[in-house]
Amino acid sequence: LLSKRRFEEDAAQCGIRIETFHCDNGIFKSQEWTERLREAEQSQTLSGVGAHFQNAIAERAIQTVTQSSRAMLLHVQLYWPDEFDAKLWPFALDYASWIFNHCPKKNGFAPIDIFCSMRLSCEYLRRVRVFGSPVYVLDPRLQDGKKIPKWEPRARRGMLLGFSPNHSTT
């Protein structure tokens, strides 16, 4: 339900109101889910049991994002073995899905362009970096406009885990 609410909030930013969900059987038949749909005056259609072909587009996108995130983690393990931790998979999956949704496909449109029904500037793609690569984070005291002693480090080394949903990506 939290994901549903976040998805609807993202859609609202594009001026879209979700009217119908196409779901597989399972948790989407729960009383709590159907009650929330009723409250929001939304409907749903359900796939047949074992009928993955009815969700082919979504299933293929999930497969692509999962394979991309796996490749990202393997890349970290290969180039920065001391920093690798399999517990980073949620960050890799989130970053892979962001890249999937924002990179233009063969038709020249990114999925986010199609979803929002408008062509977005691709300037944000200049900020994309390799997942897991070293990054340097400015000392918070400098971010707050304070001074630090001359010979102290001005940044600390970290690892790129994607873009924060709560902070500026610049």
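Me: I take "buried" to mean under 20% relative accessible area, "exposed" over 50%, and "partly exposed" in between. On that reading, which class does Arg-141 fall into?

Reply: This is a predicted model. Arg-141 has a relative accessible area of 34%, so Arg-141 is partly exposed. Asp-139, by contrast, is buried, because its relative accessible area is 14%.

Me: What joins Arg-141 to Asp-139?

Reply: The general idea is that side chains of opposite charge can pair when their charged atoms come close. Here Arg-141 and Asp-139 form a salt bridge, with the closest N and O atoms 3.0 Å apart. Salt bridges with shared partners link Asp-139, Arg-141 and Glu-152 into one network.

Me: How many salt bridges does a search of the whole structure find?

Reply: The search finds 6 salt bridges. One of them pairs Glu-123 with Arg-126, at 3.1 Å from N to O. Glu-123 is partly exposed, since its relative accessibility is 47%, whereas Arg-126 is exposed at 61%.

Me: How should a salt bridge within a helix be read?

Reply: An α-helix has 3.6 residues a turn, so residues three or four places apart point the same way. In helix H1, Glu-9 and Arg-5 are 4 residues apart, which means that about one helical turn separates them. Their side chains meet in a salt bridge of 3.6 Å, N to O. Glu-9 is partly exposed, with a relative accessible area of 44%, and Arg-5 is partly exposed as well, with 46%.

Me: What span should helix H1 have, and how far apart are its end C-alpha atoms?

Reply: Helix H1 covers residues 2-13, which is 12 residues; at 1.5 Å a residue it should span 16 Å. Its end C-alpha atoms lie 17 Å apart, which agrees. After H1 comes Gly-15, whose phi is positive, near 80 degrees.

Me: Where is Asp-113, and is it buried or exposed?

Reply: Asp-113 belongs to helix H5, residues 111-116. Asp-113 is buried, yet has no salt bridge. To read such a case, one looks for the nearest side chain of opposite charge: this is Arg-119, 4.6 Å away. Setting aside residues up to four places away in sequence, Asp-113 touches Met-118, Arg-119 and Leu-120.

Me: How do strands E1 and E2 run, and how many bridges join them?

Reply: Strand E1 (residues 20-23) and strand E2 (residues 43-46) run parallel, and 4 bridges join them.

Me: Where is Gln-54, and what does it contact?

Reply: Gln-54 lies in the loop between E2 and helix H3 (56-79). At 39% relative accessibility, Gln-54 counts as partly exposed. Apart from its neighbours within four places in sequence, Gln-54 is in contact with His-22, Leu-46, Ser-47 and Gly-48.

Me: How far apart are Gln-54 and Arg-157, in sequence and in space?

Reply: In sequence, 103 residues separate Gln-54 from Arg-157. In space, the C-alpha to C-alpha distance between Gln-54 and Arg-157 is 46 Å.

Technical notes: Residues numbered from 1 in each chain as written. Predicted model: local features only at pLDDT ≥ 70, side-chain atom pairs only at ≥ 80, totals over all residues. Heavy atoms only, no water. Pairing = 2+ DSSP bridges. Helix = DSSP H or I, 4+ residues; strand = E, 2+ residues; numbered from the N terminus. Buried < 20%, exposed > 50% of the residue type's maximum accessible area, 1.4 Å probe, protein only. Lys, Arg positive; Asp, Glu negative; His and termini not counted. Salt bridge = Lys/Arg side-chain N within 4 Å of Asp/Glu carboxyl O. Contact = heavy atoms within 4.5 Å. Expected span 1.5 Å × (residues − 1).
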